[in-house]
Amino acid sequence: MIRPFTLEDLDAILKIEQLSFPKSPYDRMTFVHLQVLYPQSFLVYTEKRADGEEEVLGYIIFSPEGHIISLAVLPEHRRKGIGRALLHQAMETPQLRLLHAEVRRSNLGAQAFYLRMGFRIMGMAPNYYGNEDALIIQWKPSFVTPSSERHSGHH
Ligand SMILES: CC(C)(COP(=O)(O)OP(=O)(O)OC[C@H]1O[C@@H](n2cnc3c(N)ncnc32)[C@H](O)[C@@H]1OP(=O)(O)O)[C@@H](O)C(=O)NCCC(=O)NCCS
């Protein structure tokens, strides 16, 4: 299920963050601020475990203007459609004119993911991450998405 983030999810989110962005993880206060700023578009993907407990497997944060601030999935749950399901939430926001994000030049997995989701590379921001460039990527509803992936169901 996909639902808004609550402060009870903080520990789970911090774990996903540290595993996903070891070079520059956001800290606890950053997530608290992001929740205050974007209560409707800081979303978590959860699944019920066998013992009935809910587990947070991934999250997305995007601004109403369409900036994807962060998106990450627990490493052992990648390639199961969770990232796609989270990104679809942003893509399906009414009145959204475009989505954009920055991706590390070395992050080939995320680049493959975004291209698969129909994003295009628009440019490059030199040294965006201090010592590494960012690719600027963008998606518009009018872009043709490969294999009609936009409307595949949630995982
Ligand atoms: C990028 C990320 C969010 C993708 O999440 P995910 O749940 O694994 O993605 P999905 O399973 O929905 O992938 C959808 C499609 O994208 C493509 N894709 C995803 N990850 C890929 C990879 N590492 N290499 C190549 N293609 C990839 C595939 O075509 C995939 O479909 P398939 O598995 O049927 O072939 C995840 O890899 C992650 O958390 N990475 C670390 C954090 C990060 O880099 N975030 C993005 C920068 S903000």
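**Close-up views of a predicted protein–ligand model**

Figure 1. The secondary structure comprises 4 helices and 7 strands, arranged along the sequence as β-α-α-β-β-β-α-β-α-β-β. Along the principal axes, the C-alpha atoms occupy a box of roughly 45 × 35 × 30 Å. The radius of gyration of the protein chain is 15 Å, which agrees with the value near 15 Å for a compact globule because that value is the one for 155 residues. Of these 155 residues, 25% count as buried.

**Figure 2. The shell around the ligand.** The ligand is surrounded by 20 residues, and the closest are Arg78, Gly83, Arg84, Gly109 and Ala112. Two or more residues of the shell come from each of β4 (68-73), α3 (82-91), β5 (99-104) and α4 (108-116). The largest share, 5 residues, is that of α4. By residue class, the shell around the ligand consists of 9 nonpolar, 6 polar and 5 charged residues.

**Figure 3. The largest nonpolar core.** In soluble globular proteins, nonpolar side chains tend to be buried together. The largest nonpolar core in this model holds 32 residues, and Leu43, Tyr45, Tyr59, Ile60 and Leu86 have the most contacts inside it. The elements that each supply two or more residues to this core are α1 (10-20), β2 (42-48), β3 (54-62), β4, α3, β5 and β7 (134-139). The contribution of β3, 6 residues, is the most from any element.

**Figure 4. The surroundings of Leu86.** Leu86 is one of the residues with the most contacts inside the largest nonpolar core. When residues up to four places away in sequence are not counted, Leu86 touches Ile2, Leu43, Tyr45, Gly58, Ile60 and Leu71. Among these partners, Leu43, Tyr45 and Ile60 are likewise listed with the most contacts inside the core.

**Figure 5. Strand β5 and its pairing with β7.** In a regular strand the side chains alternate between the two faces of the sheet. Strands β5 and β7 run antiparallel and are joined by 6 bridges. The bridge partner of Ala101 in β7 is Ile137.

Notes:
Residues are numbered from 1 along each chain as its sequence is written. This is a predicted model: local features need pLDDT of at least 70, side-chain atom pairs count only at pLDDT 80 or more; totals for chains, interfaces and linings use all residues. A residue is near a molecule or strand if its C-beta atom, placed from the backbone, lies within 6 Å of it. Ala, Val, Leu, Ile, Met, Phe, Trp, Tyr, Cys and Pro count as nonpolar, Asp, Glu, Lys and Arg as charged, and the others, Gly among them, as polar. The radius of gyration is taken over C-alpha atoms; the globule rule is 2.2 Å times the number of residues to the power 0.38. A residue is buried if 20 or more other C-beta atoms lie within 10 Å of its own, exposed if 12 or fewer, and partly exposed in between; C-beta atoms are placed from the backbone. A nonpolar core is a set of buried Ala, Val, Leu, Ile, Met, Phe, Trp, Tyr and Cys residues joined through C-beta atoms within 7 Å. Two residues are in contact if their C-beta atoms, placed from the backbone, lie within 7 Å. Two strands pair if DSSP finds at least two bridges between them.
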